[in-house]
Amino acid sequence: MSQTASSFTLADAIAKADGIIEVRRQEALLKTGALQNAILTSANFSIIATDEKGIIQLFNVGAELMLGYLAEEVVNKINPSDIHDPEEVMARAQALSLELATTITPGFEALAFKASRGIEDIYELTYICKDGSRFPAIVSITALRDDYGNIIGYLLIGTDNSVRKQVELELKNAMSVAEKANQAKSDFLSSMSHELRTPLSAILGFAQLIESGSPQPTPTQKRSVDQILQAGWYLLELINEILDLALIESGRLSLSPEPMSLAEVMHECEAMIGPQAQKRGLSITFPRFDVSYFIKADRTRVKQILINLLSNAIKYNKPKGTVVVDCIVKPPGRIRICVEDTGAGLSPEKIAQLFQPFNRLGQEANTEEGTGIGLVMTKRLVELMGGVIGVESIVGKGSVFWIEMNLTTERQPSIDAVEPAMIARAQDHPHQRTLLYVEDNPANLMLVEDLMARRPDIRLLSARDGNSGIEIAQAARPDVILMDINLPGISGIRVLKILADDPQTAHIPVIALSANAMPRDIEKGLDAGFFRYLTKPIKINEFMNTLDEALTFAHARSNPATEEQALS
């Protein structure tokens, strides 16, 4: 009796377990069916299934809503390529034929070829709706296979890509607008640079002439000229700083990184800043290098950074104070350049405001000139060259400003010694040389005329526009040409090209002398073929040295033996 009861209990348990399994299986089937039904009836994406020949067999609700066709209008009647842009389908066929090195015909084969070879394929083409409207779609196509691996059809799942395309278009338009705005800003900066430098060129040029003229100016006159020069050079520095800062902020400042010796740069800075420190009664000490250290950076900008830090250390130092420059190697592969002063020092509150544009930290009432953008420029330049800048300061004791740069194992290319014949000054030649100056500004022309009056070895010719300059150059064959860029009629760069294309004048070195002083202007001029590019206002020593260099070059060219010797 107990055995029978036990058997019924076990059978009941098995039956009950089987019942539970069946219920769960039915629930799973219902859930799977519900999921499949939800997918097929989804309005968010189109699902199109075809047979192995590409004829549509399934066209879900999403496809109907997107394309405007009812399922009965397309099932067993057309293939998916019929609702694609035919030109795009043809282009896809050609592209795939090249990619896969086989001939693929336009039509459904072009859509399904990769999928039929088991290659994952997601493409972007234009769908054409029943009413003729179009929209971009992203379509994923997969081959459907039976249990034996044979293809029985294809499944295409597509989504409307219009929103993303619209966003991309808007982004592209926004970038185009930003690019045009940046270009307009650059053009404005270049124009402003030219317009501000042009009057300064006359002011500083003639002031330098008076300062170095004969007879020498009286003490009263010299004091006045010194004030003009001091204010003029300061104004030029201010213009340069503001324009440089604007270039950096717009991302258009070009740098020319090269391996450079720290010892050489330090020596140049010492020569440039030493007189300023001596004038103020300050002691300045530079490091002496037992080991050669090289960094890869823009040489001009590194000097600009160091001169700015050194100038500040001198300007804001105490009477008879000291400035100490030091270099400390910092692992891994960096070097720290420190500029220490014995000035008043900075509080933590002022240090926090240090690198804010036009913030002079309360020094506005001080007699020292300044713009409040020097350190901002310095920080931006250091960071653009992969470095960092910092400061440590104690109120009443002084400050240490430092920059850290990456060391490099690269070295500067060696430069062969120049033959003496190539550095002889133009006045050493017994025959008078000819200089043609093409310039439309009377003040600039007068300045160069006065400068050339001090050079009896040079005969000056002038032209007021580009066309006249070309005619005079072809007729007189000058030794050197000095060329403004912004000329009436045709630009100086266009004149240079015409002269370079003429065998009669192609050999003549042409020096640009322009108020277009933005880095991109200088780069554009040198790329065009100018021998040198000088910016206004004229620095008389630099101008004379460049002129002598061009005259020596012209002399060497006119004497092949000298040129061959100089180049050997």
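Guide: Helices H12 and H16 cross in a right-handed manner, where a crossing is right-handed if the near helix is turned clockwise from the far one by less than a right angle, and left-handed if anticlockwise. This is a predicted model, in which local features need pLDDT of at least 70 and side-chain atom pairs count only at pLDDT 80 or more, while totals for chains, interfaces and linings use all residues. Residues are numbered from 1 along each chain as its sequence is written, and side-chain values use heavy atoms, leaving out hydrogens and water.

Visitor: Which residues make the contact between H12 and H16?

Guide: Contact means heavy atoms within 4.5 Å, and helices are DSSP runs (H or I, at least four residues), as strands are (E, at least two), numbered from the N terminus. Here Val448, Leu451 and Met452 of H12 meet Ile540, Phe543, Met544 and Leu547 of H16.

Visitor: At what angle do H12 and H16 pack?

Guide: Two packed helices are described by the angle between their axes and the distance between the axes. Axes are lines fitted to C-alpha atoms, for helices over the stretch in contact, and angles run from 0 to 180 degrees between N-to-C directions. H12 and H16 pack at about 70 degrees, with their axes 12 Å apart, which means that H12 is roughly perpendicular to H16 (65 to 115 degrees).

Visitor: In what order do the 5 strands of the open sheet stand?

Guide: Two strands pair if DSSP finds at least two bridges between them; the order is E14-E13-E15-E16-E17, with parallel pairing. Strands E14 (458–463) and E17 (532–535) are the edges, each pairing on one side only.

How values were computed. Angles under 35 degrees count as roughly parallel, over 145 as roughly antiparallel, 65 to 115 as roughly perpendicular and the rest as oblique.
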